[in-house]
Amino acid sequence: MFEVTKISDRTENGIRKASFLTCAVVCSERIDIKMEGEVIRRVLFTSGCHGNTQGVAALCEGMKKAEVIARLEGIDCGGRGTSCPDQLARALKQLN
């Protein structure tokens, strides 16, 4: 119900680039992720609460994927059952 949809996933020069569409109940529409191994190098949210999504993205850069998932998974926004940070955790879980 609240799952993200992977729309692309490729690796170039050791950098994995993946893009996801978020579910309809959150403010952001898309999440783009760049990773090097298990380390997040960049997160970009399209739409959403700009200051909040920029803050979440900046905090995640340089962190390991598992740590970000552990911190963000299950965060709820306004009783919606998910949030932009939770959607990021769901996207990261799809990147095995």
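Modeller: A nonpolar core is a set of buried Ala, Val, Leu, Ile, Met, Phe, Trp, Tyr and Cys residues joined through side-chain atoms within 4.5 Å. Buried, in turn, means under 20% relative accessible area. Please keep in mind that this is a predicted model.

Biologist: How many residues has the largest nonpolar core, and which have the most contacts inside it?

Modeller: The general idea comes first: in soluble globular proteins, nonpolar side chains tend to be buried together. In this structure the largest nonpolar core has 24 residues, and Ile 33, Val 43, Leu 88 and Leu 92 are those with the most contacts inside it. Two or more residues are given to this core by each of strand 2, strand 3, strand 4, helix 1 (50-60), helix 2 (65-72) and helix 3 (84-94). Helix 3 supplies the largest share, 5 residues.

Biologist: Which residues does Ile 33 touch?

Modeller: Leaving out residues up to four places away in sequence, Ile 33 touches Arg 16, Lys 17, Ala 18, Phe 20, Arg 42, Leu 88, Ala 91, Leu 92 and Leu 95.

Biologist: Let us turn to the strands. What is the order of the strands in the sheet, and how do they pair?

Modeller: Two strands pair if at least two bridges are found between them. Here an open sheet of 4 strands has the order 1-2-3-4, and the pairing is antiparallel. At its edges lie strand 1 (5-12) and strand 4 (39-47), each of which pairs on one side only. Neighbouring strands of the sheet are turned by 15° against each other on average, direction ignored.

Biologist: How many bridges join strand 1 and strand 2?

Modeller: Strand 1 and strand 2 are paired in the antiparallel sense over 7 bridges. One example is Arg 10, whose bridge partner in strand 2 is Lys 17. The two strands form a hairpin with 2 residues between them, and Asn 13 in the turn has a positive phi of about 55°. Strand 2 (residues 15-21) is also joined to strand 3 (residues 28-36), by 6 bridges, and these strands run antiparallel. In that pairing, Leu 21 has Arg 30 as its bridge partner in strand 3.

Biologist: Is Asp 86, by contrast, buried or exposed?

Modeller: Asp 86 counts as buried because its relative accessibility is 2%. It forms a salt bridge with Arg 90, the closest N and O atoms being 2.6 Å apart. Arg 90 counts as buried too, at 19% relative accessibility. An α-helix has 3.6 residues a turn, so residues three or four places apart point the same way. Arg 90 and Asp 86 are 4 residues apart in helix 3, and therefore about one helical turn separates them. Salt bridges that share partners join Glu 3, Asp 86 and Arg 90 into one network.

Biologist: Finally, which residue caps the N-terminal end of helix 3?

Modeller: The cap is Ser 83, with a side-chain oxygen 3.1 Å from the backbone nitrogen of Asp 86. Ser 83 lies in the loop between helix 2 and helix 3, and it is buried, with a relative accessible area of 3%. Its side chain also reaches the backbone oxygen of Ile 75 at 2.8 Å. Beyond its neighbours within four places in sequence, Ser 83 is in contact with Val 26, Ile 75, Asp 76 and Cys 77.

Terms used
Residues numbered from 1 in each chain as written. Predicted model: local features only at pLDDT ≥ 70, side-chain atom pairs only at ≥ 80, totals over all residues. Heavy atoms only, no water. Axes fitted to C-alpha atoms, helices over the stretch in contact; angles between N-to-C directions. Buried < 20%, exposed > 50% of the residue type's maximum accessible area, 1.4 Å probe, protein only. Contact = heavy atoms within 4.5 Å. Salt bridge = Lys/Arg side-chain N within 4 Å of Asp/Glu carboxyl O. Polar contact = N/O pair within 3.5 Å; in protein donor to acceptor, adjacent residues only side chain to side chain.
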